[in-house]
Amino acid sequence: MGLTVSRQDTVSSTDVRQMNSETHEAEALPLHVGQRSQMKRLCRIMRSKLQEVSQGKREALQDCQELAQRLEALLDDASSRRGARSSSKELMPQEVKDWLTKQWTESSARLGEDLSPIRGAGATLRSSRAPFGPELMEVLDKVGTPDIDVVAVQGQPEVAGNVTTVLFMYTLTNGGVFDQLPAETLADPMNAELFQDRLLKFVAAIEQAYLDVPYHNNMHAADVMMMMHSFLLSSNMSWISPIEHLMCLMAAVSHDAGHDGVNNMFHVKAQSLVALRYNDKSVLENMHCALAFELMKENEDLNWLGLMNGAFPPETPGGAPLDLRPHLRRSIIEMVLVTDPTKHNVLMEDLKGLVQAKSLPGSHVSLSDPKQKQDAFNVLLHSADVSNATRKLPVALYWSRQVLLEFWAQGDQEKSLGLEVSPLCDRASGMKSVPQGQLGFIGFIVRPLFLELSRLLPEASQLVEQLGQTEEYWKEKKAVNASFEESFALLDR
């Protein structure tokens with residue numbers, strides 16, 4: 001690291017043993033893989049520096065001290081995050097907990113009943129069961145539309161920071177998703193109540209796996225899930241089954257679990273454990289998938305997938321029964337893996353193919369080919385993942401600011417580690433060109449994607465219109481060479 005020794009300390013064998021002991025204790029903590037990989041990397045560097053110290057290279061001593069401080073800070077930060085999240089859970093009012101429990105288990109006998117159409121007008125919350133205030137009720141009424149404001153939901157005291165869990169539960173119980181699942185969904189239909197319970201516990205666990213980073217946090221998971229849900233309610237998506245609807249929601253919930261606030265490029269350059277484990281290929285996306293399924297493997301109470309039917313009746317007469325468990329696992333994995341930004345061009349081609357598959361302009365899409373179905377799921381999750389600029393302006397600005405803060409924090413970290421700063425991650429240059437950067441991303445990625453998507457889903461046309469307003473905002477800011485603070489001043493009003 002090229003640091004200069006400023007003090008004449010010595011390191012004894014006892015000190016080394018103590019550091020190794022503390023390292024093993026850190027590795028044994030119930031930390032997420034994203035945090036653990038950073039800690040282990042620091043520990044490896046520290047061990048190497050300690051060997052240099054033992055060989056008489058005293059200039060490595062201060063390096064060790066700095067590494068120890070960084071490791072301690074990372075551990076403190078992880079502890080405070082877990083503590084804060086635990087405190088948030090404890091702050092959830094008991095009446096809300098009771099309502100969640102009642103709402104989630106009361107309809108267990110409904111599996112397979114056609115009680116409420118999943119498509120059409122937006123669902124309304126059953127007010128007699130919901131101990132929520134009018135402000136939150138007003139926000140929740142927009143579930144199923146692109147106008148749902150996840151940040152506003154997260155800010156409500158009744159939610160207590162559990163925005164993903166609350167919105168997932170609300171979507172399933174009030175949107176008709178669970179009610180329309182056929183009885184053959186489960187290996188044993190009598191396990192409907194247990195299935196509900198495991199779904200909710202899984203989502204609660206996956207939400208806890210999201211780290212407290214500026215952008216790729218639990219609010220982003222909830223936001224992508226809500227946009228995905230609105231896509232699935234589109235008129236041209238009438239071909240999707242309730243099982244596939246549930247599958248898409250689970251993929252959206254899981255798609256960035258454990259994201260540590262740095263991108264694949266960082267992990268590859270730093271040769272983190274995640275990069276080594278997944279051979280530098282879509283390392284974060286592979287980790288997100290693995291984490292979701294590891295949670296189910298390690299805790300049977302979360303394993304909703306294990307209850308699903310291994311011999312689901314075929315869609316066509318004479319067809320072979322379908323084992324839903326590997327089928328849904330494969331589909332979820334593929335959906336999450338293609339959220340890797342490097343897959344964007346491939347997904348654009350898949351989207352164009354889906355549009356061309358429409359028999360007549362403006363006709364409904366009815367997909368029966370398994371590959372086309374999977375292509376549609378992949379495209380929709382990717383679109384939901386990059387949809388920030390298509391939201392109403394205050395929401396779009398919030399997410400733009402958060403992603404910039406995360407990018408720049410990565411750049412700061414890269415500089416501190418002596419790594420080349422990744423594109424878009426340099427704080428100094430980035431703060432001088434915020435409008436230009438936003439316009440570039442919209443013009444190169446978001447606008448072409450959503451223009452094509454609107455040809456598949458007519459309802460996406462309103463997102464294109466809103467995108468135009470966001471684009472005009474950034475053009476105005478570019479014209480006056482707006483600073484970072486000026487670009488986001490609207491959020492402080």
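**Note on side-chain contacts in a predicted model**

1. Lysine 415 is partly exposed, since its relative accessible area is 47%. The cut-off for exposed is over 50%. Please keep in mind throughout that this is a predicted model.

2. What does lysine 415 meet in a salt bridge? Its partner is aspartate 426, at 3.1 Å from N to O. Lysine 415 belongs to helix H17, residues 393-416. Aspartate 426 sits in the loop between H17 and helix H18 (427-430). The pair therefore ties together parts that are 11 residues apart in sequence.

3. A second salt bridge to look at joins aspartate 375 and lysine 371. Here the closest N and O atoms are 2.8 Å apart. Both residues lie in helix H16, which covers residues 370-385. They are 4 residues apart, so about one helical turn separates them.

4. Is aspartate 375 buried or exposed? It counts as buried, because its relative accessibility is 8% and the limit for buried is under 20%. Lysine 371 is exposed, with a relative accessible area of 54%.

5. Aspartate 323 and arginine 325 form another salt bridge. Their closest N and O atoms are 3.1 Å apart. Aspartate 323 counts as partly exposed at 27% relative accessibility. Arginine 325 also counts as partly exposed, at 33%.

6. How many salt bridges does the count come to? The total is 13. Among them are the pairs described above: lysine 415 with aspartate 426, aspartate 375 with lysine 371, and aspartate 323 with arginine 325.

7. Now the aromatic rings. A search of the whole structure finds 9 aromatic pairs. Which residues do ring pairs link into a cluster? They are Trp408, Tyr473, Trp474, Phe484 and Phe488. When looking at such contacts, note that a pair of aromatic rings is described by the distance of the centres and the angle of the planes.

8. One charged side chain also lies over a ring. Arginine 329 is placed over the face of phenylalanine 293. Its distance from the ring centre is 4.6 Å.

9. Last, the cysteines. The count of disulfides comes to 0. Cysteine 248 is buried, with a relative accessible area of 0%. Cysteine 289 is buried as well, with a relative accessible area of 8%.

Notes: Residues are numbered from 1 along each chain as its sequence is written. This is a predicted model: local features need pLDDT of at least 70, side-chain atom pairs count only at pLDDT 80 or more; totals for chains, interfaces and linings use all residues. Side-chain values use heavy atoms; hydrogens and water are left out. Rings of Phe, Tyr and Trp (its six-membered ring) pair if their centres lie within 6.5 Å; planes under 30 degrees apart count as stacked, over 60 as edge-to-face and the rest as tilted. A charge sits over a ring if NZ of Lys or CZ of Arg is within 6 Å of the ring centre and within 35 degrees of the ring normal. A salt bridge is a side-chain nitrogen of Lys or Arg within 4 Å of a carboxyl oxygen of Asp or Glu. Buried means under 20% relative accessible area, exposed over 50%, partly exposed in between (1.4 Å probe, protein chains only). Helices (H or I, at least four residues) and strands (E, at least two) are DSSP runs, numbered from the N terminus. A disulfide is a pair of cysteine sulfur atoms within 2.5 Å.
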